[in-house]
Amino acid sequence: MKQRIIALIDCDSFFVSCERVDNPDLQDKAVCVMTGEGNKGIVVSRSREAKSLGIKMGAPYFQVSKTHPQAIYVPSHHHRYSEISRHVMSIIKTFSPDVEEVSIDEAYVDLTGLNKVYKMPYTDLVKKIRQTILDQAHIPVSIGLSCSKTLAKLASDKAKNTNGIFVIRPDKISQTIGLENIENICGIGHQSSKTLKFNGIFTVQDFLNKDNYWIKQTLGIHGLNLKMELQGTATSLVDASPKAPQSIQDTKSFEDFTDSLPFLHSQLQYHVHRASGKLRKWNGFCEEVGIILRYKDFTTTTLYSKISPATNSDFTIKNIASDLLNRLYRPKMLYRSLGIELKKLSYNQNTQQSFFDCLQQNDDKLSRVIDSLEQKFGKDIIKIGI
């Protein structure tokens, strides 16, 4: 099997970095991006300076603003983050066509053979990619370089503390990561980590020393593939074709706690439009809708309802979601966030319908018109009455 050269490019503190693109005054300051309007909600992104203060991910504003008043708390702007993400990914794709976007701020890149194309060593190539992203998109990134996705991921984590680049050479894997704690390896979950430690496996080298039969009996074929990846053989190749989501969720914290049902319904419509819009981009349909309500004390309650036929219509989903909200709502209770989840998704011709379902319209052409207008003129160009 031909040895691959794979890089994982990970944007540093991405939401904070995006905010700094639009507001350079935030550079070199302790910045936290919050989920809510204004500066409320919980912390979802922290600058390096904020991390050094001890601010934790997921910390609620009402707590962290008291313990760390010197930090700057800003609301999230996800539409802007998506724009910058597309820019970063487009830059990466100028270097290689084999780019697998795994999240808004991460991508695997297959660089195999490109050292000859660019007439430079792979280490110089990833340095060039990193500098180009910084120059053109103004986003700092960390890049891990190795010969499998698992090793590239581990290298990218280490790159955050080594000036943005870390390389795990195929001939020096044991020397470089042999003593790495097994729970730090992508693909080793909490339960698997407990099982491995119970059997005396605490490091990567311990894992590699185990025979294949034991690993397969304990972790299945996934465990064997993981061992090969850690040995430098790529069992999972970079896949440039985008993957349709298995579920879609859209949620956001409020600027202030609320017990207003009309306000909740207005926010629900916003989330329905965003979630169903994402579904339509994939030519998808959903067969189940859920409402996610979070109380002031962070207690979360959910309620789901099936849809027949499957749909991507703002209007159909909103009607069902509104009914769910009415059923979940409790007067005089204070709520901090609301969200929607679309489940049991199907795509394109895979949607199954009965003869009678085919007589109904489940692909919402009006919502698609609104989507195209928003794409051309900007978000919220059209307001739909409740």
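How many bridges join strand 1 to strand 6, and do these strands run parallel or antiparallel? Five bridges join them, and the two run antiparallel. The views below take it from there.

This is a predicted model, so a local feature needs pLDDT of at least 70 and side-chain atom pairs count only at pLDDT 80 or more, while totals for chains, interfaces and linings use all residues. Residues are numbered from 1 along each chain as its sequence is written, and side-chain values use heavy atoms, with hydrogens and water left out.

**View 1. The protein chain as a whole.** The chain has 15 helices and twelve strands (DSSP runs numbered from the N terminus: H or I of at least four residues for helices, E of at least two for strands). Of its 386 residues, 46% are buried; buried means under 20% relative accessible area, exposed means over 50%, and partly exposed lies in between, using a 1.4 Å probe and protein chains only. Among contacts with a separation of 6 or more, 63% are between residues 24 or more positions apart (a contact being heavy atoms within 4.5 Å).

View 2. Start with strand 6 (residues 106-110): five of its five residues are buried, so the strand is largely enclosed by the rest of the structure. Glu 106, Tyr 108 and Asp 110 are buried on one side, and Ala 107 and Val 109 are buried on the other. Strands count as paired if DSSP finds at least two bridges between them. Strand 5 (residues 99-103) runs antiparallel to strand 6 and is joined to it by four bridges, and a hairpin connects these two strands through two residues. Look for Tyr 108 here: it is the bridge partner of Leu 8, and Glu 100 stands opposite it too.

View 3. Strand 2 (residues 31-34) pairs with strand 3 in the antiparallel sense over three bridges, and Cys 32 has Arg 46 as its bridge partner.

**View 4. Asp 10 meets Lys 160.** A search of the whole structure turns up 19 salt bridges (a side-chain nitrogen of Lys or Arg within 4 Å of a carboxyl oxygen of Asp or Glu). In this one, the closest N and O atoms of Asp 10 and Lys 160 are 3.2 Å apart. Asp 10 sits in strand 1 (residues 6-11) and Lys 160 in the loop between helix 7 (149-159) and strand 8 (165-167), so the pair ties together parts 150 residues apart in sequence. Asp 10 is buried at 8% relative accessibility, whereas Lys 160 is partly exposed at 25%. Asp 12 joins in as well: Asp 10, Asp 12 and Lys 160 are linked in a network of salt bridges.

**View 5. Asp 22 and Arg 80.** The closest N and O atoms of this salt bridge are 2.9 Å apart. Asp 22 belongs to helix 1 (residues 14-22) and Arg 80 to helix 4 (residues 78-93), so the link spans distant parts of the chain, 58 residues apart. Asp 22 is partly exposed at 45% relative accessibility, and Arg 80 is partly exposed at 29%.
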